[in-house]
Amino acid sequence: MTDQKASNELRVAIAGLGSIGTKIATALDQGIEGLALSAVAVRDPAKHQAFLNGLHRTPKVLPIDQLGEAADIVVECAPSSQLRAIVEPAVRRGRSAVVVSVGGLLDNFDLVDLARAKGGRILVPTGALIGLDAVNAAAVGTIHSVKMVTRKPIDGLKGAPFIVENNIDIDNLREPLKLFEGSAREAAKGFPANVNVAVALSLAGIGPDRTQIHVWADPTVTRNVHRIEVEADSARFSMGIENIPSENPKTGLITALSVIALLRKQRATLCVGT
Ligand SMILES: NC(=O)C1=CN([C@@H]2O[C@H](COP(=O)(O)OP(=O)(O)OC[C@H]3O[C@@H](n4cnc5c(N)ncnc54)[C@H](OP(=O)(O)O)[C@@H]3O)[C@@H](O)[C@H]2O)C=CC1
Ligand SMILES: O=C([O-])CC(=O)C(=O)O
């Protein structure tokens with residue numbers, strides 16, 4: 001890999017090579033029109049060496065805060081605690097950051113202002129959710145309410161701060177238990193690795209304080225289930241998705257595919273969906 005851009009290819013860097021990042025890296029390595037994988041950042045490079053060696057074109061491994069220099073588009077797929085270190089250098093240079101730990105944006109919303117001032121962009125994919133195109137469209141008019149119910153298997157919720165802080169025993173549940181009811185903003189604090197989707201939904205629609213979410217621990221489901229009801233002046237719609245968990249039980253398999261679809265749109269001639 002050289003520093004030189006091949007023709008006018010957009011260089012893409014990935015922060016985090018976990019369940020989402022490895023799939024995006026593989027897709028880029030296999031070829032996405034007009035895009036090339038230029039660099040990655042990981043916590044423990046030795047752990048990822050075999051994966052990186054298996055790629056056709058080995059990207060550079062850089063410190064997380066240097067990705068913004070090495071790419072036109074930086075894809076954040078690390079824990080939300082790392083979001084600022086990844087996104088800030090990119091948007092400061094007028095580049096694009098794709099953010100999957102979107103819950104982390106709420107405490108770092110000044111990054112949106114920074115991106116605006118510097119000509120950068122922050123792109124939030126639909127991720128593990130559905131229908132943000134319809135929510136975006138309805139938000140051009142007036143949305144009266146957005147309600148979401150999330151049900152996850154026990155393994156998909158273990159370790160969430162809300163559960164730990166409230167000393168809730170979910171390991172021995174035999175029936176579904178409603179853990180939380182409130183705003184997307186509060187849910188993101190209590191379940192930072194579980195309800196990024198609620199925050200994405202809120203940013204597409206009526207914001208994190210008015211978007212309501214219930215979170216259930218449900219031993220009867222094997223998928224991450226999200227159901228959404230939107231009431232707007234243009235339409236009423238209900239949406240649902242049942243995500244097969246990835247090797248990270250908190251993360252639906254479709255999340256990485258959503259980012260790949262977003263990356264494909266960056267240079268595609270035919271773009272379908274808003
Ligand atoms: N928007 C959406 O719809 C969804 C968003 N998410 C969110 O996406 C994010 C990524 O999820 P997922 O891929 O499943 O997570 P994983 O835990 O599988 O992977 C996280 C990766 O981040 C790396 N990492 C951790 N700390 C650092 C650091 N300091 N510097 C560089 N890399 C670091 C880890 O490195 P190492 O391997 O070395 O430990 C790992 O490769 C999470 O925040 C998750 O909550 C998840 C699902 C849906
Ligand atoms: O994968 C899912 O179903 C959703 C998820 O983890 C998240 O929003 O963080």
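**Figure 1. His226, an annotated active-site residue.** In an unreviewed UniProt entry, the annotation "active site" covers His226. UniProt positions follow the numbering used here, feature names are shortened, and annotations may be inferred rather than shown by experiment. The model is predicted: local features need pLDDT of at least 70, side-chain atom pairs count only at pLDDT 80 or more, and totals for chains, interfaces and linings use all residues. Residues are numbered from 1 along each chain as its sequence is written, chains are lettered from A and ligands numbered from 1 in the order in which they are written, and side-chain values use heavy atoms, with hydrogens and water left out.

His226 sits in strand β10 (residues 224-232). Helices (H or I, at least four residues) and strands (E, at least two) are DSSP runs, numbered from the N terminus. His226 counts as buried because its relative accessibility is 2%. Buried means under 20% relative accessible area, exposed over 50%, and partly exposed in between (1.4 Å probe, protein chains only). Its side chain makes a polar contact with the side chain of Thr150, at 2.9 Å. A polar contact is a pair of N or O atoms within 3.5 Å; within protein, one must be able to donate a hydrogen and the other to accept it, and residues adjacent in sequence count only if both atoms are side-chain atoms.

**Figure 2. Asn243, a buried residue in strand β11.** Strand β11 (residues 236-243) holds Asn243. At 4% relative accessibility, Asn243 is buried. Its side chain reaches the backbone oxygen of Ala128 at 2.8 Å. Leaving aside neighbours within four places in sequence, the contacts of Asn243 include Ala128, His226 and Ile254. Contact means heavy atoms within 4.5 Å.

**Figure 3. Where domain 1 meets domain 2.** Domain 1 covers 10-128 + 255-265, and domain 2 covers 132-245. These bounds come from an automatic or database domain assignment. The contact takes 12 residues from domain 1 and 13 residues from domain 2. Together the two domains bury about 900 Å² between them, 70% of it on carbon and sulfur atoms. In domain 1, Val102, Leu106 and Ala128 lose the most area to domain 2, together 56% of what that side buries. Buried area is the accessible area (1.4 Å probe) that two parts lose on being put together, summed over both. Across this interface there are 3 residue pairs in polar contact, both residues at pLDDT 80 or more, and 0 salt bridges.

Figure 4. The closest N and O atoms of Asp72 and Arg11 are 3.4 Å apart. A salt bridge is a side-chain nitrogen of Lys or Arg within 4 Å of a carboxyl oxygen of Asp or Glu. Asp72 lies in the loop between α3 (67-70) and β4 (73-76) and Arg11 in strand β1 (residues 10-15), so the pair ties together parts 61 residues apart in sequence. Both residues are buried.

Figure 5. Arg185 lies in helix α8 (residues 184-190) and Asp209 in the loop between α9 (196-204) and β9 (212-217), so the pair ties together parts 24 residues apart in sequence. Arg185 is partly exposed, with a relative accessible area of 27%. Asp209 is partly exposed too, at 47%.
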